[in-house]
Amino acid sequence: MADKVLVLVGTRKGAFILESDGARRDWKLSGPFCQTWPINHFVAHPQTGTLYAGGGDAWFGPAVWKSTDLGRTWTHSSNGLAYGEGQEPISSVWSVAAHNGSVYAGVQPAGLFRSDDDGETWSHVEGLQKHPTRPHWNPGGAGLILHSLVIDPADDDKIWVGISAAGVFHTADGGETWEPRNRGTRADFLPEGENYPEFGQCVHNVVMAAGANGRLYQQNHCGMYRTDDGGVKWESIEQGLPSSFGFPAAAHPKDRDTLFLLPLNGDTKGRYMPDAKAAVWRTRDAGRTWQDLRNGLPQENAYFGVLRQAMATDRMDKAGVYFGTSGGALFASNDEGETWREIEAHMPAILSVETLTVHD
């Protein structure tokens, strides 16, 4: 049995850690960490347990914080997190991923950086910004953000990124060259006949299914999708959902056909829970059918949103599922979504939720 499960929460006022034993019934909160900087993404290296928290804003500037002792002490670095002279300054780090000997950071305005010395210094992965489509990337309403960062666990050179509002891009050579991977995803905000472009889709979140093998899931501004070939072709799986609009998705850690989703009521309708009744939607068959899971979630006046990185699963035998709201509430299930309870109620606005399972 796991010694403990950590839920890593990034918020507008720093990073927090919730800790429980393997039963995941009682939780202890610690934080805020990172000197209450805005933390967009708070993750753990799956092999070493090192914690990384990416954030900042136009006032603080960008940085990635690091803790090697599960949050007791922290350092941070922005060394190298900058574009060349004359380019728009980087305002913040939006996504972090650690795999084997490298740490990656996705930033705003959209670009990718890598550290090969555990976050001490950073270098620009220039191939992405050199893509010929770059001058035409649309910042959309929220700014040009590289928010989804997926590394193939079997091949470090294969990386997928999601950029609002440029779409999904893929590299198979460690970032030297990139190609759009958006075939089959809609852009309903474009004129009719032009709404399946090569790039320019407003991707909200991309996650990899358990076991990799080319399967990814994508929540888009305009639909919910699955690919079984690494994004060469996407297939709509939104039928049966209450809305085609939402932000977060979380893959089951062991079952590639199981996905958890939090649809919102739409782009122009307030972006809160459909009918103001909270539900997590689960598929057990890769999106062919969906089930709404409501037991323990508020079924009236649920006028909150859940942001793109604010949902995660843990790696226990019966997977835990967690999500945090724009109002600072954190909900948890220790039985794959069958039942829920609120484990924290008054945190700052939650921007990201990730987990770390620590074994004896």
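Is Leu 70 buried, partly exposed or exposed? In this predicted model, Leu 70 has a relative accessible area of 27% and is therefore partly exposed, since the buried class ends under 20% and the exposed class begins over 50%. The residue is placed in the loop between strand S6 (61–67) and strand S7 (75–77), and its backbone carries a positive phi of about 55° although Leu 70 is not a glycine. A positive phi in a residue other than glycine is also found at Asp 118, where the angle is near 60°. Asp 118 belongs to the loop between S10 and strand S11 (123–124), and with a relative accessibility of 31% Asp 118 is likewise counted as partly exposed.

Two cis peptide bonds may be described next. The bond that leads from Gln 108 to Pro 109 is cis, with omega near -5°, and Pro 109 sits in the loop between strand S9 (102–108) and strand S10 (111–115). The bond from Ser 164 to Ala 165 is cis as well, with omega near 0°, and Ala 165 is located in the loop that runs between strand S13 (159–164) and strand S14 (167–171).

Strands S13 and S14 also take part in an open sheet of 4 strands, in which the order is S12-S13-S14-S15 and the pairing is antiparallel. The edges of this sheet are formed by strand S12 (145–151) and strand S15 (179–180), each of which pairs on one side only. Between S12 and S13, which run antiparallel, there are 6 bridges, and Ile 151 is found opposite Ile 159 of S13.

When neighbours within four places in sequence are left aside, the contacts of Phe 323 include Leu 262, Val 280, Leu 297, Phe 304, Met 311, Leu 330, Trp 340 and Val 353.

Phe 247, a residue of strand S20, has a relative accessible area of 9% and is therefore buried. Residues up to four places away in sequence being excluded, Phe 247 touches His 204, Asn 205, Gln 219, Leu 262, Leu 264, Arg 271, Val 306, Leu 307 and Arg 308. From Val 103, by contrast, Phe 247 is separated by 144 residues in sequence and by 24 Å in space, taken from C-alpha to C-alpha.

A polar residue, Asn 40, is also buried, its relative accessible area being 6%. Asn 40 is part of strand S4 (residues 39–44), and a polar atom of the Asn 40 side chain lies 2.9 Å from the backbone oxygen of Val 93. Apart from residues up to four places away in sequence, the partners touched by Asn 40 include Gly 54, Gly 55, Gly 56, Ser 92, Trp 94, Gln 309 and Leu 351.

Charged side chains form 18 salt bridges in the model. In one of these, Asp 228 and Arg 215 meet with an N to O distance of 2.7 Å. Asp 228 is in the loop between strand S18 (223–227) and strand S19 (235–236), whereas Arg 215 is in the loop between strand S16 (203–208) and strand S17 (216–220), so the pair ties together parts that are 13 residues apart in sequence. Asp 228 is partly exposed, at 39% relative accessibility, whereas Arg 215 is buried, at 5%.

Arg 215 forms a further salt bridge with Asp 257, in which the closest N and O atoms are 2.5 Å apart. This pair links distant parts of the chain, 42 residues apart, because Asp 257 belongs to the loop between S20 and S21 and Arg 215 to the loop between S16 and S17. With a relative accessibility of 26%, Asp 257 counts as partly exposed.

Another salt bridge joins Asp 292 to Arg 294, with the closest N and O atoms 2.7 Å apart. Both of these residues count as partly exposed, Asp 292 at 32% relative accessibility and Arg 294 at 28%. Through salt bridges that share partners, Arg 215, Arg 226, Asp 228, Glu 235 and Asp 257 are joined into one network.

Conventions
Residues are numbered from 1 along each chain as its sequence is written. This is a predicted model: local features need pLDDT of at least 70, side-chain atom pairs count only at pLDDT 80 or more; totals for chains, interfaces and linings use all residues. Side-chain values use heavy atoms; hydrogens and water are left out. Helices (H or I, at least four residues) and strands (E, at least two) are DSSP runs, numbered from the N terminus. Buried means under 20% relative accessible area, exposed over 50%, partly exposed in between (1.4 Å probe, protein chains only). A polar contact is a pair of N or O atoms within 3.5 Å; within protein, one must be able to donate a hydrogen and the other to accept it, and residues adjacent in sequence count only if both atoms are side-chain atoms. Contact means heavy atoms within 4.5 Å. Two strands pair if DSSP finds at least two bridges between them. A salt bridge is a side-chain nitrogen of Lys or Arg within 4 Å of a carboxyl oxygen of Asp or Glu.
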